[in-house]
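Q: I'm new to this one and would like a close look at just one part, then whatever you think is worth a look elsewhere. Where should I start?

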Amino acid sequence: MLGPYPKRAMYKKSFQESRNFADRRVQFQRVQQSNPDKVPVIIERYAGETALPEMDSCQFLVHADTTLSQLIYLVRVRLQLTPSQALMLYVNNAMVSSSTTIRRVQRDFANEDGFVYITYANMNNSTQKLTAVAFRLECSDGAVVPISAEAVKQSITLRTMIDDIGMKNGDVVIPLANVDGATAKLIVEWCEKHKTDAYPTTELNKPGPNPSPAVFEMSSWDSDFLSMENVSIPEMAKLVTAADFLNVPWLYKYCCRRIYEDYIQDRSVAELKELLEP
C-alpha cells in the first residue's frame with residue numbers, strides 16, 4: 001500500500017523549500033529507523049503542471065520492492081485519475097525505467113538528506129516540461145550522479161567540454177577524477193536549481209588595475225543551501241574546490257561569501273586556527 005505518514009499538511013512550497021536540510025535529515029532518519037523495509041519518498045506535482053491535480057500530502061512510505069510501474073498505478077489511484085489522463089513519474093527530473101524498484105531508486109538517486117524525490121506530470125506534454133537525464137558524472141569514488149542538459153551548462157568547464165567534443169544527449173558518462181560523489185551531488189543540486197538562470201561566461205582578467213567586484217545578493221535558498229547547518233567545513237572545502245575546478249562561477253562566489261561570513265568575519269587569527277586546523 002502507498003501509505004502517507006500519519007500527519008498530513010497542505011503545503012504551497014516544495015518539501016525541500018519549506019524545510020532546511022538539517023530538519024529533513026532528522027526526519028528521514030527517524031522515519032527510516034521506524035520503517036526499515038520501506039523507503040521515505042517525496043512525491044510532488046511538477047511546478048509547471050496544470051492538467052493534473054495536486055495531492056493532499058507529499059510524504060509517503062513505499063515498500064522497497066515496489067517498482068516504479070506499480071508506484072505509477074498507486075499514484076493514479078491516489079489522484080483519482082480517469083483512463084484518459086496520462087501520468088509520468090520522474091526521479092530528480094530523470095526518466096527511470098518503470099521496472100526499477102524503489103530500493104534501487106533510493107540507492108542511485110536519493111538526496112543527501114536521504115529522501116527520494118519524485119515528480120509527476122502529464123505524459124502528453126511532460127516532454128516539453130521536464131528534461132530527462134542527458135549526462136552522468138562519474139566521480140572519483142565510483143559514484144555516478146545524473147545531471148540534466150540544462151543544469152550542466154552552469155558549469156563552464158563541462159559545457160565547453162561537451163561542445164568541443166560534440167557530446168550528444170543520451171545518458172553520456174563524464175568522468176570527474178577530482179570530485180567525489182557527495183560533492184558532485186551538491187554541485188548538481190545547485191545547478192538543477194539554477195538551470196533556468198543565464199549561462200555563465202568566463203570572466204577575463206584585464207591587465208592593469210581592476211574595479212572592485214560588484215556587490216551581489218544571495219537568494220534565501222542559496223543562503224540556506226550553503227549554511228553551516230547544511231554544509232560542514234570539510235564539505236565546504238570540497239565544494240568550493242569543485243566549483244572552481246568545474247568553473248561554476250556563481251556557486252563559487254556564493255561559497256566564498258559563506259566561508260567569509262560564517263568562518264572568517266569577526267574572528268581572530270587564533271580563533272581561525274582553532275576552527276580550521278584538523
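This is a predicted model: local features need pLDDT of at least 70, side-chain atom pairs count only at pLDDT 80 or more; totals for chains, interfaces and linings use all residues.

A: Start with the lining of the second largest pocket: α1 (15-18), α2 (21-34), α7 (181-193), α8 (220-225) and α9 (233-245) each supply at least two of its residues. Numbering starts from 1 along each chain as its sequence is written, and side-chain values use heavy atoms, without hydrogens or water.

The second largest pocket has a volume of about 400 Å³. Of its 20 lining residues, F21, R24, E189, F225 and N230 are the closest to the centre. (A pocket is an open set of points on a 1 Å grid where a 1.4 Å probe fits, with protein on both sides within 12 Å along at least five of seven lines; lining residues have an atom within 4 Å of a point.) By type, the lining splits into nine charged, seven nonpolar and four polar residues.

Now for strand β2 (residues 38-45). Six of its eight residues are buried (under 20% relative accessible area), so β2 is largely enclosed by the rest of the structure. Strand β3 (residues 59-63) runs antiparallel to β2, joined by five bridges; there, P40 has L61 as its bridge partner. With strand β5 (residues 116-121), β2 pairs in the parallel sense, again over five bridges, and E44 stands opposite T119. Pairing takes at least two DSSP bridges.

Technical notes: Grid points are joined across faces, edges and corners, and a volume is the space filled by probe spheres set on the points. Helices (H or I, at least four residues) and strands (E, at least two) are DSSP runs, numbered from the N terminus. Ala, Val, Leu, Ile, Met, Phe, Trp, Tyr, Cys and Pro count as nonpolar, Asp, Glu, Lys and Arg as charged, and the others, Gly among them, as polar. Buried means under 20% relative accessible area, exposed over 50%, partly exposed in between (1.4 Å probe, protein chains only).
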